[in-house]
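Reader: I am new to this structure and would like to go through it with you in questions and answers. Could you show it to me before we start?

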There are 4 protein chains.
Amino acid sequence: MKDRNILTGEDYIESLRRRKLKVFLMGEQVEEPVDHPMIRPSINAMAETYNLAQKEPDVATEISPFTGERVNRFLHIATSSEEVVMQNKMQRRLGQLTGTCFQRCVGMDALNALYSVTYEIDAQHHTYYHARLKDFIQQMQQHNYIIGGAMTDVKGDRSKSPSAQADPDMYLHVSKRSAEGVYIRGAKAHQTGCINSHWLIVMPTLRLQSDEADYAIVGALPVEAEGITYVIGRQSCDTRSLEGEIDAGNAEFSGQEVLIIFQDAFIPNNLIFMNGETEFTALLVERFTAFHRRSYVCKSGVGDVLIGAAATIAEYNGVEKASHIRDKLVEMTHLNETIFATGIASSFQSHATPSGAYLCDELLANVCKQQVTRITYEMARLAQDLAGGLLVTLPSEADYRSAEIGPVLKKYLKGRDDVPTENRMRILRLIENLTLGRNAVGYLTESLHGAGSPQAQRIQIQRQMQLDIKQQLAKKLAGIVEDDS
Amino acid sequence: MKDRNILTGEDYIESLRRRKLKVFLMGEQVEEPVDHPMIRPSINAMAETYNLAQKEPDVATEISPFTGERVNRFLHIATSSEEVVMQNKMQRRLGQLTGTCFQRCVGMDALNALYSVTYEIDAQHHTYYHARLKDFIQQMQQHNYIIGGAMTDVKGDRSKSPSAQADPDMYLHVSKRSAEGVYIRGAKAHQTGCINSHWLIVMPTLRLQSDEADYAIVGALPVEAEGITYVIGRQSCDTRSLEGEIDAGNAEFSGQEVLIIFQDAFIPNNLIFMNGETEFTALLVERFTAFHRRSYVCKSGVGDVLIGAAATIAEYNGVEKASHIRDKLVEMTHLNETIFATGIASSFQSHATPSGAYLCDELLANVCKQQVTRITYEMARLAQDLAGGLLVTLPSEADYRSAEIGPVLKKYLKGRDDVPTENRMRILRLIENLTLGRNAVGYLTESLHGAGSPQAQRIQIQRQMQLDIKQQLAKKLAGIVEDDS
Amino acid sequence: MKDRNILTGEDYIESLRRRKLKVFLMGEQVEEPVDHPMIRPSINAMAETYNLAQKEPDVATEISPFTGERVNRFLHIATSSEEVVMQNKMQRRLGQLTGTCFQRCVGMDALNALYSVTYEIDAQHHTYYHARLKDFIQQMQQHNYIIGGAMTDVKGDRSKSPSAQADPDMYLHVSKRSAEGVYIRGAKAHQTGCINSHWLIVMPTLRLQSDEADYAIVGALPVEAEGITYVIGRQSCDTRSLEGEIDAGNAEFSGQEVLIIFQDAFIPNNLIFMNGETEFTALLVERFTAFHRRSYVCKSGVGDVLIGAAATIAEYNGVEKASHIRDKLVEMTHLNETIFATGIASSFQSHATPSGAYLCDELLANVCKQQVTRITYEMARLAQDLAGGLLVTLPSEADYRSAEIGPVLKKYLKGRDDVPTENRMRILRLIENLTLGRNAVGYLTESLHGAGSPQAQRIQIQRQMQLDIKQQLAKKLAGIVEDDS
Amino acid sequence: MKDRNILTGEDYIESLRRRKLKVFLMGEQVEEPVDHPMIRPSINAMAETYNLAQKEPDVATEISPFTGERVNRFLHIATSSEEVVMQNKMQRRLGQLTGTCFQRCVGMDALNALYSVTYEIDAQHHTYYHARLKDFIQQMQQHNYIIGGAMTDVKGDRSKSPSAQADPDMYLHVSKRSAEGVYIRGAKAHQTGCINSHWLIVMPTLRLQSDEADYAIVGALPVEAEGITYVIGRQSCDTRSLEGEIDAGNAEFSGQEVLIIFQDAFIPNNLIFMNGETEFTALLVERFTAFHRRSYVCKSGVGDVLIGAAATIAEYNGVEKASHIRDKLVEMTHLNETIFATGIASSFQSHATPSGAYLCDELLANVCKQQVTRITYEMARLAQDLAGGLLVTLPSEADYRSAEIGPVLKKYLKGRDDVPTENRMRILRLIENLTLGRNAVGYLTESLHGAGSPQAQRIQIQRQMQLDIKQQLAKKLAGIVEDDS
């Protein structure tokens, strides 16, 4: 990778070319991902993070205290509640513009979490991780690179800890050490947008025991580093991107989920940010997931698109004035704003860490994510309700374009007189895309499992629910006096 | 169509060949649907209705009072509560065996509804519809044919009645009349399994006004009749059937939804079962939808498959003993049995119509369907929760089969040691199939809109909720005495 | 107690007098419960079980195979699915007529469960419990007595088994044995309607270990037996029965919950139906709770009253035509009928036990009860929504009757012009009664915990959900072949 | 009322004496409300707003820009987002301390809304309302008085506007005018804590038409003004305050709801803040309800008490380690924090009005309130689930204190060995108090209807959901281009 300063979405797309990545998709190695029609929509979505910074700099950039320059907000360390809230507002906006996962949050959340954690490791261990990380961030800011945060290991048998697995590679670990750095082996699953990134930061996925030091490794590698293989996961309806435009629903944008395999890939010392300090792994995971769970506010932006699509199909069908239709749109709005509100409440309730970086409220971050795991599904159900059955029985674009059958479809699939049949098809396909198709992956299932499955949030809520204080409140009002004897 | 007596699923599949239907799919006319890999799974599902009659005759057949012979239950007119309940038990069983929509219920429900309605038309108008229908049913029973019931018109602008549409063809109607019969024009949308059927019965889709007599037409046509064109609707992930086996999730079975266009197709007099009696259209629609809404009990059979798949992936992941996992399986079971219970309650509460045919309880039928529109979505969410994120990030079968990357995937996508990676992939793909993929169409969206959208059920519930009786109960207990003066 | 044949509600009330029970309420011993204004409404509710048998014998009576005479259905052993369903229909009717718990189901469910369990104990142990029970039932039928089933022990520390409690009396047990019978000690909590009964049947509340034989005692005692003390539990707003009529909401009817303390009360041998056969305790509890959980169908009758009251207040407020009002009434109906449908589905799916008595479907019985624990609360919320805030800010009947302030209230609390203010007050008080007041106890909290708390149903659902069969269905469709080796 | 400066809760209570109010309760005029055992708990709750200002001045006071002194936050006009958020934090704290409605929010929200609305009226009409209001606020701050905001009219027939009612007094209006001021007539229902206040501000309850100028009156009156009568509404279990201590559940604190009747009460000119400007009534109602709907964050404080009580009873029963118990506490916390988060998000998203006063985000305020109307009921259900059936079958305190039956109860109602029976009773009574009893009025029903019923929130959400913007987002992604022609 040649160093470059990326400004626009176009610059960014150009920057991804000719990297000679080892990428597999549908059983074959992909020559140039940028030009692959199934991959490209996910690159387009990422490019919007650059375009927005150009068009709405208040939303998507911030002055970096490190460089004194205006940098993309995804690369900025937030040092006030307002800045943490602004992350959410940017996320909602990008959700609105792309209708999918724009893939750049993991890196932002990883940098922000690592910033405070490395500071605290150094304070205890007299290590130099924090300074290294600051250098790295500064460099990323200068070039405006994208960072993918690689946390989730493949995990093998979930009932066993990393060191108890039959195959030690089920969790990423140091496989070899040299004076210059470490070599790592293992695999990270569900890696969002990683082949659209410039750098990866690997991080452990759970609290480690003191005898699992080889698993306690955090470090950065360029995406094109040797020893890394990428296998792109399938998404519902992904091959429609090969077909035409309408049936894809949202032809321009999509998410991306990849399995990354590290086969003795190398991390030099100056890019290592944790190395064996197992007692800090839980803290890192907790801070990262706190940031990341509240980042699901982006789904309120996608939700705005879904509400808009549902309102449009109701109009096209000629039923937009029915009270039950209006009421369902109100319910969708109510639910969608609940995601937004719980997210920004968590961000607004941020507090400073010793490093100066701000950390969002962890309890509310978990509440936000837990809401997302329920609300998006209910939104999808309501949108499908408003769409009508044609959502899943609509003939293909090819039929519509066919000289033979096309005119017949144009006649019979018409809704309201003044609405072209094609528009009705397009909006139905967008709803299909968001609730059953390619972007349902991000809007639904990934909303469920990303940043931790629902039960993970419940465990964190349990840890932070302060029952003792609440029990004292209740006992006082009930007139209960307890002996201390 | 040569007359034949169909016994087995194989007989049935053979019976569909060489019919020279005019069928479009993906912009092209299909030579022989039976051999088309995207269509065949839907035919396989229908074939199970024959196979079950062979294997479990108590469940899927009944003695016909017309022929004295044992006939397929889908062609039988139920004349007792027990027989109406048995329809539900057969439906659940077929849902379990196919994991999808087996497409034969519409015909059963149409015959049963028409049986009583034609009787009542004849009583009032001195027509001969009932006798004709009995002849038709007897013939169907002899040959063991499949009947598709074609009700839902394309409807155009929903805010306008059939006769007020700009284009009169938005609702199917008689376009020409002759001494021998009638010619019909229009289109029926969302037609389940129609090209897998032998006969179609067209029926009006809503209550008609007295000046809309041309729309009040009920009659039977062979599927291969002249003047009929079929356009097969797209389903999420439908083209995976062209790829391999694993990624399809359920490679053997699927549903089928088709748009049927009638361009002056002919119905001879002896196959006309209503012709202009507009005041009976509401009754027909209500009886048909009552039967059909309760037929959604089939989704509890599909739900059994989904519960089984969710339990299996939990086991494969090694987490099946966690209390929250077990609790989610309990919740799925609770919800799934609620569908079953409300359906068979409606069937058990059947009452005799003047014709002798039994009609299920309409209020409970609507309650059953309304539950289905909510429960299946919640089931899907819970199943995705249990599946884990790999559900939507899993690489393709082609990658898994690839010599180059396959062995790496086999290593890293392993769950519990004693479970082959391929099995884990297969069960994940089945859950994807049911919640995002091809059979999510039937399990979710079609569960929402089939037999009427949720609001349609609410309107029926409102009509039958007998507020006056309940208000009297309340007033009595409240000590309210009302003047009659 | 003089033996008598009770026919009417009046006979019944008379039969309760002069029994010299030891009953405590509000810190004082009650001279004659029948005449106590806080107790009487619960007796009135029970009396309706007699009145209904007079007015609607098809619903509330059956021909007894033991006596050949028509007996109250509450005393009948059901020997067909239809008879089990009829129990539910009677229960809904009585819920409609009383708007509360009419308290006679526990006895019916206990007799029906014991009938089959004693048969099976005898078959294994060559005991004579079944014959004794038949004699007892015959006697009860002749006199038309009410039986209270006393199951729930006070339990002490829930984390300990009966024999591990610090105080052995936390579970009822045999304290002394003689040639003539046994003496029992302990306490039964939440005893519905017991002082309105003629007889009590004590039963163990959970599965016992083989060394807990003294706790495995089932037997009958007259309510006025020596050694029994009753303490009546408080209910929300219970003292309003002392005040006037309107504020009580439902002045005529209420439930009753009592703590019974047995201090060496005696059961003669001929009234003992289990005595130490610990391995049958689980079976007894399961069968009793199966019957009893499905008996909560009564709440759909109470729900009818609540729907009626909600519709009435909407009318009185002049808002009954608003679409959101109508929609909430539809939702209430949908939910209420779901209770009914799941209950009768369980009853309809009954099967014969070796004794000839029918047992309802246990899985669906648990599904029914689980629905009740959620639906009644949602119904209450919707009813309060329709009622408006006046529900909880309404001045007292005394204010309304006051010469000074009454006329002002009459003016200002008027809703629609043609509705007397008093009627508006009355219907609001009825809704308060059912959702916050005295009958909220039965409609809500007791619906939650009676016949086992929600978790108890989940445990039973888990036991009966047959995951293995469902997993086989899923694996087959997913194409998974498992080695048997 | 002698002018006084109130500091402590005790000062406050003293300040309420000897006001010779005309108050009715249970059919009788109350001599001195302060000493009435049914009224006093509501005064105690209000007193906590003073006590908190003493103990936690950061939370409950602010420096007034008018007086330069530290004043109670309830009397402060918020001029920054942070101050609006601090209102919510104070509200949660007071909910925690009292477990009920502390009744002072209406006044705070009314002052804050009027501050900006009077400014805008003056700007348009060249009136002097704003200056008058500032004088009034300054005076209130000096004396630290409590203001009750009286908005909700009794409304008569809801389907008719104020001027269309048969009786013109169904909405409060000017009955007479003089040079010195106006006389008002009508009645305000559901008036929270009004007889515990020093001043009342009357405001119209809905958007008025231009010919309804007499109804467009806003002004202040002392609570003891001539021509005002108060009738205290009944609350579930209110008379338990007359009995003892335990059965009340929360013996110290309660809410208060009153019907106020104005019979030509006088407002002098300098206390009139709107007088006929009908076109500003909608704005006033919207701003007030925006503030007030978000004020329901107080319920998260009451929710903390309920969670604490539920956790305590689980512990007392010995079941606190069961996974389903822990999970229900997690769910309660999740829901409770959703209320808090949506409220503070609305407050944080405040913006400045032309007057300089800040106004919370209206859309999110409505979302917050809508959540409250659902969440509190689900919390109550979960708390009752955790409490067990004894919640509604527990004998009275009098029985427990009785020499005869008390010791028996002490023995049999014991839970875990180391927990006194009385403590178990107390915590159960607190849960009853909050879910069925006196404080269920505030926690449930008043949460539903206060600041507008659920449908009122939905109407506001509909007004603010900006469908057009969302439709544009969707159309762009769907590739829909619309002609402007």
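Reader: Is D:Tyr50 buried or exposed, and what is its relative accessible area?
Author: In this predicted model, local features need pLDDT of at least 70 and side-chain atom pairs pLDDT 80 or more, while totals for chains, interfaces and linings use all residues. Side-chain values use heavy atoms, without hydrogens and water, residues are numbered from 1 along each chain as its sequence is written, and chains are lettered from A and ligands numbered from 1 in the order in which they are written. Buried means under 20% relative accessible area, exposed over 50%, and partly exposed in between, with a 1.4 Å probe and protein chains only. D:Tyr50 is therefore buried, its relative accessible area being 0%.

Reader: In chain C, which helix holds C:Tyr12, and which one holds C:Tyr50?
Author: C:Tyr12 and C:Tyr50 form a stacked aromatic pair, with 5.0 Å from centre to centre and 20° between the planes. Rings of Phe, Tyr and Trp (its six-membered ring) pair if their centres lie within 6.5 Å, and planes under 30 degrees apart count as stacked, over 60 as edge-to-face and the rest as tilted. Helices are DSSP runs of H or I with at least four residues, numbered from the N terminus. The pair links parts of chain C that are 38 residues apart, with C:Tyr12 in helix α1 (residues 9–15) and C:Tyr50 in helix α2 (residues 40–55).

Reader: How many disulfides does a search of the whole structure find over all chains?
Author: A disulfide is a pair of cysteine sulfur atoms within 2.5 Å. C:Cys237 is in no disulfide, since the nearest cysteine sulfur, that of D:Cys237, is 4.3 Å away. B:Cys194 is in no disulfide either, the nearest cysteine sulfur being that of B:Cys101 at 12 Å. Over all chains, the number of disulfides found is 0.

Reader: Over the ring of which residue does the charged end of B:Arg104 sit?
Author: A charge sits over a ring if NZ of Lys or CZ of Arg is within 6 Å of the ring centre and within 35 degrees of the ring normal. For B:Arg104 the charged end is 4.6 Å from the ring centre, and the ring belongs to B:Tyr50.

Reader: By what turn can chain D be laid on chain A?
Author: Copies are superposed by least squares on the C-alpha atoms of residues with pLDDT of at least 70 in both. Chain D can be laid on chain A with an RMSD of 0.0 Å and a shift of 0.0 Å along the axis, by a turn of 180°. The two copies are thus related as by a two-fold rotation axis, and the turn asked for is 180°.

Key:
Helices (H or I, at least four residues) and strands (E, at least two) are DSSP runs, numbered from the N terminus.
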